[in-house]
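Biologist: I'm new to reading protein models. Could you walk me through this one?

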Amino acid sequence: MGDSETGVRAMLPQDAERVLAIYQAGLDTGDASFETVAPAWEVFDAGRLPEHRFVAVGGDGGVLGWIAAAAVSERCCYAGVVEHSIYVAAEARGRGVGKALLEAFIASTEAGGIWTIQTGVFPENTASLRLHHAAGFRTVGTRERLGRHHGRWRDVVMLERRSGSAGVD
């Protein structure tokens, strides 16, 4: 990461308060998600795969950002496809936190046999688009006027990263 006193580790239940606060702050920007309120920890925890969730921490151990994935379907043919979310605290942006989180996440999904990581990003969130493209994601299209958010229609840029090893046989 950009700061030598930061690292990435598995997300733990004791991270819940800070993870949800970073999530809510991201939602409050209006350019992170169609969601407007971060869920309770129990809902967050139940909806994300435990083996593919990480936090970035500063030298003091404080959480600076997080990344987590959910299965896209219960159907076995989609067992290697996940959708992820990544959020970085405002004070930690531009310091390599997102890059470090994505690198750890990609390593985890590669080791776990995930062949496709997908996500949707509002086109106005140019920092997220740059981060994902730099990490090997490609734009597969734009879903126009996908939903209304804060009283206006929003497009969503669909991105994916295909594994170079999982699911290539």
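This is a predicted model: local features need pLDDT of at least 70, side-chain atom pairs count only at pLDDT 80 or more; totals for chains, interfaces and linings use all residues.

Modeller: Residues are numbered from 1 along each chain as its sequence is written, and side-chain values use heavy atoms, with hydrogens and water left out.

Biologist: How far apart are the end C-alpha atoms of H1?
Modeller: Helices (H or I, at least four residues) and strands (E, at least two) are DSSP runs, numbered from the N terminus. The expected span of a helix is 1.5 Å times one less than its number of residues. H1 has 13 residues, so it should span 18 Å, and its end C-alpha atoms agree with that, at 18 Å.

Biologist: Within what arc do the buried residues of H1 fall?
Modeller: Buried means under 20% relative accessible area, exposed over 50%, and partly exposed in between (1.4 Å probe, protein chains only). In H1 the buried residues are Ala16, Val19, Leu20, Ile22, Tyr23, Gly26 and Leu27. Looking down the helix axis and taking directions from it to the C-beta atoms, they line one face of H1, because they fall within an arc of 160°.

Biologist: Which residues have the most contacts inside the largest nonpolar core?
Modeller: A nonpolar core is a set of buried Ala, Val, Leu, Ile, Met, Phe, Trp, Tyr and Cys residues joined through side-chain atoms within 4.5 Å. The largest one here has 38 residues. Helices H1, H2 and H3 are among the elements that give two or more residues to this core. The residues with the most contacts inside it are Tyr23, Phe44, Trp66 and Leu101.

Biologist: Is arginine 53 buried or exposed, and which side chain does it join by a polar contact of 2.6 Å?
Modeller: Arginine 53 is in strand E2, and it counts as buried because its relative accessibility is 6%. A polar contact is a pair of N or O atoms within 3.5 Å; within protein, one must be able to donate a hydrogen and the other to accept it, and residues adjacent in sequence count only if both atoms are side-chain atoms. The 2.6 Å partner is the side chain of aspartate 45.

Biologist: What is the phi of arginine 145?
Modeller: Most residues other than glycine have a negative phi. Arginine 145 isn't a glycine, yet its phi is positive, about 45°.
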